[in-house]
Amino acid sequence: MKQTIIISLLAVLFLVACNSKKQTGPDDTPTSGVIAIAVDESLAPIVQEEIAVFESIYKETGIVPWFSGETETINRLLHDSTRLAVTTRPLTQEETTYMNQKKLFPKAVKVATDAIALIINRTNQDSLIGMPVLKDILTGRIRNWNELSPRNPVMPIEVVFDNPNSSTIRYAIDSICGDGKLNGHLQAEQSNRAVLDYVSKTPRALGIIGVNWVSNPVDSTSMSFIGNIRVMAVSRYREATPANSFKPYQAYIALGDYPMTRPVYLILSEPRMGLASGFTSFVASDRGQRIILKSGLLPVTQPLRIVNIK
């Protein structure tokens, strides 16, 4: 009897140990489980669409996006709050070294090319702008709309960004201003949606926003933008003309005619093949790239057909 009791007790302890191990082990696979991912808020529309399609295919998955500015998105990855971040820049060498020391070994997968769009109020007729002029506005050398054209009313140019720590502000500093510092009448809202709302109500505003936010969701050709604002055509030259200025359409992004573009990365730090890896593979796959193609961004692998109509 005593021997039977001992054997039974050992069996119970073995089962408890097995169950404990099962509970503390990984609970997600490439096609099942629930995870949170960090996402640059300027990319929210396309990421939400990718998640919706992915979850409709793989019914046992749940992906919870944390939308925030670029700084917070990267920090969540660095501090191991998430194993996947969607950003418009790769990690710096310092950030990569930090993660390598934690044995996380991040991998950046480029999935698309995004564009920065300049938006103005519907009543503003000054729809062309050159990159040198835009730099002068951001650095405070040009402060009024009538300095761009005598036919414009005398009113201050109010530049509106999405977030004080956003990738859009970083792009403005690094890629537009160069060594110059942002100056002039600048303000930051809390989101891209807030920028759209503010510009639609403010004639003096100049919004700087991710193009995905202004793409027309009902236009399968991606050749139109939402109707409550105007999207400016941008030239590489100071004197912007209809011939040398381009709007952020996919074709102009692909051909390099539109001057303000940036890559989109999925940065993965998952040490094993889990749900973060499965979602990354999906976005980079043919189906995921087709979703990007329809969104107005330029996919990395999906071919873009460009037709020249005379």
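**Results: burial, contacts and salt bridges in a predicted chain**

The side chain of T139 reaches the backbone oxygen of K135 at 2.7 Å, a polar contact (a pair of N or O atoms within 3.5 Å; within protein, one must be able to donate a hydrogen and the other to accept it, and residues adjacent in sequence count only if both atoms are side-chain atoms). The model is predicted: local features need pLDDT of at least 70, side-chain atom pairs count only at pLDDT 80 or more, and totals for chains, interfaces and linings use all residues. Residues are numbered from 1 along each chain as its sequence is written, and side-chain values use heavy atoms, with hydrogens and water left out.

T139 sits in the loop between α5 (131–138) and β6 (158–161); helices (H or I, at least four residues) and strands (E, at least two) are DSSP runs, numbered from the N terminus. With a relative accessible area of 14%, T139 is buried (buried means under 20% relative accessible area, exposed over 50%, partly exposed in between, with a 1.4 Å probe and protein chains only). Just after α5, G140 takes a positive phi of about 90°.

The chain contains 10 helices and 13 strands. Of its 310 residues, 48% are buried. The accessible surface comes to about 15700 Å², and 54% of this belongs to carbon and sulfur atoms (Shrake-Rupley method with a 1.4 Å probe; for residues, only the protein chains shown count as cover). Among contacts (heavy atoms within 4.5 Å) with a separation of 6 or more, 71% are between residues 24 or more positions apart.

L266, in strand β12 (residues 261–268), is buried at 2% relative accessibility. Leaving aside neighbours within four places in sequence, L266 is in contact with residues including L84, V86, V109 and V283. T280 is another of these contacts; L266 and T280 are 14 residues apart in sequence and 6.8 Å apart in space, C-alpha to C-alpha.

K103 is exposed at 60% relative accessibility, and F105 is exposed at 52%.

The structure holds 13 salt bridges (a side-chain nitrogen of Lys or Arg within 4 Å of a carboxyl oxygen of Asp or Glu). One of them joins the side chains of R262 and D114 (3.0 Å, N to O). R262 lies in strand β12 and D114 in strand β4, so this pair ties together parts that are 148 residues apart in sequence. Both R262 and D114 are buried.

A salt bridge also forms between E158 and R204 (2.5 Å, N to O). Because E158 lies in strand β6 and R204 in the loop between α7 (192–201) and β8 (205–210), the pair ties together parts that are 46 residues apart in sequence. E158 is buried at 2% relative accessibility, whereas R204 is partly exposed at 32%.

The side chains of D286 and R290 meet in a further salt bridge (3.2 Å, N to O). Being four residues apart in helix α10 (residues 286–295), D286 and R290 are separated by about one helical turn.
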